[in-house]
There are 2 protein chains.
Amino acid sequence: LDTARTLRTELGALVTFKPQVFARERGASHVFLANIDPDLQQAVLRQLRRPALIAMDSMDYWIRHKRASLLRLMKRVDIFMANDQEARSLTGEDSLVAAARGLRALGPKLILVKKGQHGSLMYGGSFFIVLPAYPVAAVIDPTGAGDTFAGGFMGYLAQAGSCGGGALKKALVWGTVAASFNVEGFGLERTATLTKKALQARATAFRRQVSF
Amino acid sequence: LDTARTLRTELGALVTFKPQVFARERGASHVFLANIDPDLQQAVLRQLRRPALIAMDSMDYWIRHKRASLLRLMKRVDIFMANDQEARSLTGEDSLVAAARGLRALGPKLILVKKGQHGSLMYGGSFFIVLPAYPVAAVIDPTGAGDTFAGGFMGYLAQAGSCGGGALKKALVWGTVAASFNVEGFGLERTATLTKKALQARATAFRRQVSF
């Protein structure tokens, strides 16, 4: 489960999809543009008033087929998330440290590289933060782990109301811990019933495993 | 550089090697049995008086060809180190958490799984410790990284004079940091001139990157 391999991408309904943001959501302060055609991500962004923080994800398909749109969008977001293969393919760098630097030069102030079961790396120009994944005994289904990670990360920042180094590191912890629940079951099996208390307990256990 | 692949093992001089421990070293308190034929590791151990702490490493070659000897030796050591592939192949477990548990059931009280650029995992029955690797910009030569890691780890424990959870975690940090220097140059280029001060500085930087 180390390397995400896309055997085939079927865009299906997304080919003609024109996302409309509800009026009540246009004032959102924290926005995560999940992986989709970068032109659609841009179209969503245009419907929003003035988000305080914008994060985005992408995938190899768009890196190959919509590179120009993707690069244009990257100049408008604060946080760029990618998995390790995508970070390498966008920058041509094999080292993830070099790839993170290369991605930041493309616009986003904060780069987040997801390495699946091997954890993540965050780069903000003056600092690197590295975390392992939370060690789970059995990975049942990694589908959605990246989006769950992004949800935990953005959720923490939204409620913290800060983007300082300490908050970013804690947000990374919450993303890591949220994703660790996701992989323990199929689909939404684990995440749909997840409580803040369970997340908090695992974050505390994770701190004992990692911090020194 | 993710996966250590052994294309061919030439035992060479090791076929007839009979290691003799100098009289002045027989009283060593901290012993690391680096990777070699488990029967030779056992022969070295027999020459030692009463080590306080014994660690060992092995490799796929011995797992395949000398499994019985390896398993016998594992019952006599305190700490077993293996890379991720070896941990999986010895236990038949794909999950490293399950593999670490499986290895501990074979005898050693402490299991250390090395994951190269992805860090390491330590399991001691009642606790897991997980650490990423120190993020280096360019890996020049990973040869010897595992032994450098073991050296930093055992060196820390020897000077700490303790084997509590805190000391073990710190020892893992020193092993991680020592190995990070090793991979930045060919052979002993970096390690031969390494100072305690440089190790300490990197351990401090690593703490900022990891601890929360």
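**The pair and its single chain**

Modeller: This is a predicted model, and read along the sequence its chain A runs in the order β-α-β-α-α-β-α-α-β-β-β-α-α-α, a pattern made up of 8 helices and 6 strands. The C-alpha trace of chain A spans about 45 × 40 × 35 Å along its principal axes, and since a compact globule of 212 residues would have a radius of gyration near 17 Å, the 17 Å found for chain A agrees with that expectation.

Turning to the pair, chain A can be laid on chain B by a turn of 180° and a shift of 0.0 Å along the axis, with an RMSD of 0.0 Å. The two copies are therefore related as by a two-fold rotation axis. Among the residues of chain A, A:Ser211 comes closest to that rotation axis, with its C-alpha at 2.0 Å. The copies meet through the same surface, because 100% of the interface residues of chain A are also interface residues in chain B.

As for the cysteines, a search of the whole structure finds 0 disulfides over all chains. A:Cys163 counts as partly exposed because its relative accessibility is 42%, and B:Cys163, with a relative accessible area of 40%, is partly exposed as well.

Note on methods
Residues are numbered from 1 along each chain as its sequence is written. Chains are lettered from A and ligands numbered from 1 in the order in which they are written. This is a predicted model: local features need pLDDT of at least 70, side-chain atom pairs count only at pLDDT 80 or more; totals for chains, interfaces and linings use all residues. Side-chain values use heavy atoms; hydrogens and water are left out. Copies are superposed by least squares on the C-alpha atoms of residues with pLDDT of at least 70 in both. Contact means heavy atoms within 4.5 Å. A disulfide is a pair of cysteine sulfur atoms within 2.5 Å. Buried means under 20% relative accessible area, exposed over 50%, partly exposed in between (1.4 Å probe, protein chains only). Helices (H or I, at least four residues) and strands (E, at least two) are DSSP runs, numbered from the N terminus. The radius of gyration is taken over C-alpha atoms; the globule rule is 2.2 Å times the number of residues to the power 0.38.
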